Amino acid sequence: MSTTFQLDTATSRANPTPAPMKRLTVPAIRQRKKDGVTKEPIVMLTAYTARQAQLLDAHCDLLLVGDSLGQVIYGLPSSVPVTLDMMAAHGAAVVRGSYHAVVIVDMPFGSYEASPEQAFTNAARLLKETGCAAVKLEGGEAMAETVAFLTRRGIPVMGHVGLTPQAVNQLGGYNARGRTRAEAAKIVGDARALAEAGAFAIVIEGVVEPIAVEITAAVPCPTIGIGASAQCDGQVLVTEDMLGMFERVPRFVKVYENIAETIAEAAATYAREVRDRSFPGVEQTYQPK
Ligand code: KIV
C-alpha cells in the first residue's frame, strides 16, 4: 500500500491512495488490551507536521503531537516554554495529514495543572481547534482528579508517568526514574491512580524495566513504553530521534535511519552546484516557446 497521499486543498483533508481506511478510535485502542493481554502491540510515533503525519500514518496506531516539539522543532531548551498555541497549530496540521491513526495532542506545561476546570477549558480548545481525539498530560496521583474530570466530560486522556519532562526543573535532569524502592512504589501508585481515574492508556517513560513490567500487569489500560520495557502494551519514540536527526541519541532510542547525513549531503551537493552554476540545469529552466 502507498504510504503517501495528497491533501485535498478544498477540505484540508487527506485524500488517501488507494483507499481510505477508517480512522482508529480511542475505544478501539483501549480494547486492544483484554484481560491484561495485548496480542497486537500498539505502535505510536510523534508527529508535528502534516507531511510527517502523511508518511507515518499508515504504519501507526497512534500519532502523538508531543510537546517535545519544543526542542525538536523550535530549538527550545526543554518542553517547559511550549505554548497551547504551538500545540494547537501543530495538532491541526497532524490531523490534516492523517486519516488512519488516532491523533493525541500533548497539553503543555501550565495549561492543566491549576485545576480540573483549567484543564477542561484548554483540552476542549485542543479538541475543537485540531480535531484530535484525545489529549495527553503528565503527572500521576496529583492529576487523577483532573483525568477523571476530563474523561467524565467526553475528553479521552492518556497519562504519562515515570520521567515526566515538564517536571525537569523539579527532577533536575532526564535520568531514568525509579531506582529507589520509594520512587518505584510512587510511580506504580501514580499509574494505578491514573488508570482508576479513567485514562485510556498510559505512557511510561524512562524507568527501570521492572517498574514498567509491574505497571503493565497492574493496570487494565494499555501502557506505552519509551525507555521502559518491551513488555509494555505498545511503544513510542520521538520520530526525529529514530530517524537519526540529532547527534545526541538517548540510550533507549534505536536509530533506524541517518536522515541528518542525507540532508547534509543533499545540501552540500546543492551548494556546490549553485556555486559552479550547474544548477539550475536545462530541465529546471523555463524557455520562451
Ligand atoms: O512529548 C513527547 O514527545 C512525549 C513522548 C516522548 C512520549 O511525551
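Which residue of strand 10 does His160 stand opposite? His160 stands opposite Val203. The views below show a predicted model, in which local features need pLDDT of at least 70 and side-chain atom pairs count only at pLDDT 80 or more, while totals for chains, interfaces and linings use all residues. Residues are numbered from 1 along each chain as its sequence is written, and side-chain values use heavy atoms, with hydrogens and water left out.

View 1. Eight strands close into a barrel with parallel pairing, in the order 5-6-7-8-9-10-11-12. Neighbouring strands of this sheet are turned by 25° against each other on average, direction ignored. Such angles are taken between N-to-C directions, from 0 to 180 degrees, with axes as lines fitted to C-alpha atoms (for helices, over the stretch in contact). Strands (E, at least two residues) and helices (H or I, at least four) are DSSP runs numbered from the N terminus. Two strands pair if DSSP finds at least two bridges between them.

**View 2. Strand 10 and the strands beside it.** Strand 10 covers residues 201-205. Five bridges join strand 10 to strand 9 (residues 157-162), and the two run parallel. Strand 11 (residues 223-226) also runs parallel to strand 10, joined to it by four bridges. Across this second pairing, Ile202 stands opposite Thr223, and Ile204 has Gly225 as its bridge partner.

View 3. An N or O atom in the side chain of Asp67 is 3.0 Å from an oxygen atom of the ligand. For a polar side-chain atom of Ser68, the distance to a ligand oxygen is 2.5 Å; for one of Lys136, the distance is 2.8 Å. On its own the ligand has 250 Å² of accessible area, and the protein covers 95% of this. Accessible areas come from the Shrake-Rupley method with a 1.4 Å probe; for residues, only the protein chains shown count as cover.

**View 4. Gly91 in helix 4.** Gly91 lies in helix 4, residues 84-96. Gly91 counts as buried because its relative accessibility is 0%. Beyond its neighbours within four places in sequence, Gly91 is in contact (heavy atoms within 4.5 Å) with Val65, Val105 and Thr130. Gly66 is 25 residues from Gly91 along the chain, and their C-alpha atoms are separated by 9.1 Å.

**View 5. Ser78 in a loop.** Ser78 is found between helix 3 (69-72) and helix 4. With a relative accessible area of 10%, Ser78 is buried. A polar atom of its side chain lies 3.1 Å from the backbone nitrogen of Val80. Leaving aside neighbours within four places in sequence, Ser78 is in contact with Gln71, Val168 and Tyr174.

How values were computed. Buried means under 20% relative accessible area, exposed over 50%, partly exposed in between (1.4 Å probe, protein chains only). A polar contact is a pair of N or O atoms within 3.5 Å; within protein, one must be able to donate a hydrogen and the other to accept it, and residues adjacent in sequence count only if both atoms are side-chain atoms.
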